[in-house]
Amino acid sequence: DVQVTAVKSEMSGIQAKLGLVDEVEMLSAVHKYKCKGTYKGHDGPVWALVAGENDLFSGSSDCSIKVWDVNHQRIKATLKGHTDTILTLLFHKGRLYSGSGDATIIVWNVDAFTKEATLKAHDEPVCTLASCTGKVFSGSLKI
């Protein structure tokens, strides 16, 4: 009985060091996170999601960006301007930036849902966008 307790104690210590959780914690986490619904509107898979101040934006292989009213689960607007899959989205300083397989970055006005600028920043698909110290950074697929 003492050996079993010692083994259980040792296993708990190993699990803690490895960052493992016990079954009770795992089950409570499974019950904690549940799907609340599905947003339908794109004609292809969604490759990018980003949250704005009050909206959710999704970018798809259908070359469009949907602006979602998350409170009512409906589309507020559809942004079109890319000619290939939307691979990445960034919300930064009140603007939406989209990167695409067409090797461009489009800057969107999210108040008017209009295109502000199209930037030809890469020769290959724009795969990632990030912001740091007030600047926007982009990464591309260099083949």
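In this predicted model, I105 has L119 in β8 as its bridge partner. That contact belongs to a run of five bridges joining β7 to strand β8 (residues 114-119), with the two strands running antiparallel. The β7 and β8 strands make a hairpin with four residues between them, and F113 in the turn shows a positive phi of about 55°.

On its other pairing, β7 meets strand β6 (residues 95-100), again antiparallel and again through five bridges. As for β7 itself (residues 105-109), the strand is mostly covered, with four of its five residues buried.

Turning to the aromatic side chains, the structure holds two aromatic pairs. Y39 is partly exposed at 29% relative accessibility, whereas W68 is buried, with a relative accessible area of 4%.

The F57 and F91 pair counts as stacked because the planes lie at 20°, with ring centres 6.1 Å apart; the cut-off for stacking is under 30 degrees. This pair links distant parts of the chain, with F57 in strand β2 (residues 56-60) and F91 in strand β5 (residues 86-92), 34 residues apart. F57 is buried at a relative accessible area of 1%, and F91 is buried at 18%.

Notes: Residues are numbered from 1 along each chain as its sequence is written. This is a predicted model: local features need pLDDT of at least 70, side-chain atom pairs count only at pLDDT 80 or more; totals for chains, interfaces and linings use all residues. Side-chain values use heavy atoms; hydrogens and water are left out. Buried means under 20% relative accessible area, exposed over 50%, partly exposed in between (1.4 Å probe, protein chains only). Two strands pair if DSSP finds at least two bridges between them. Rings of Phe, Tyr and Trp (its six-membered ring) pair if their centres lie within 6.5 Å; planes under 30 degrees apart count as stacked, over 60 as edge-to-face and the rest as tilted.
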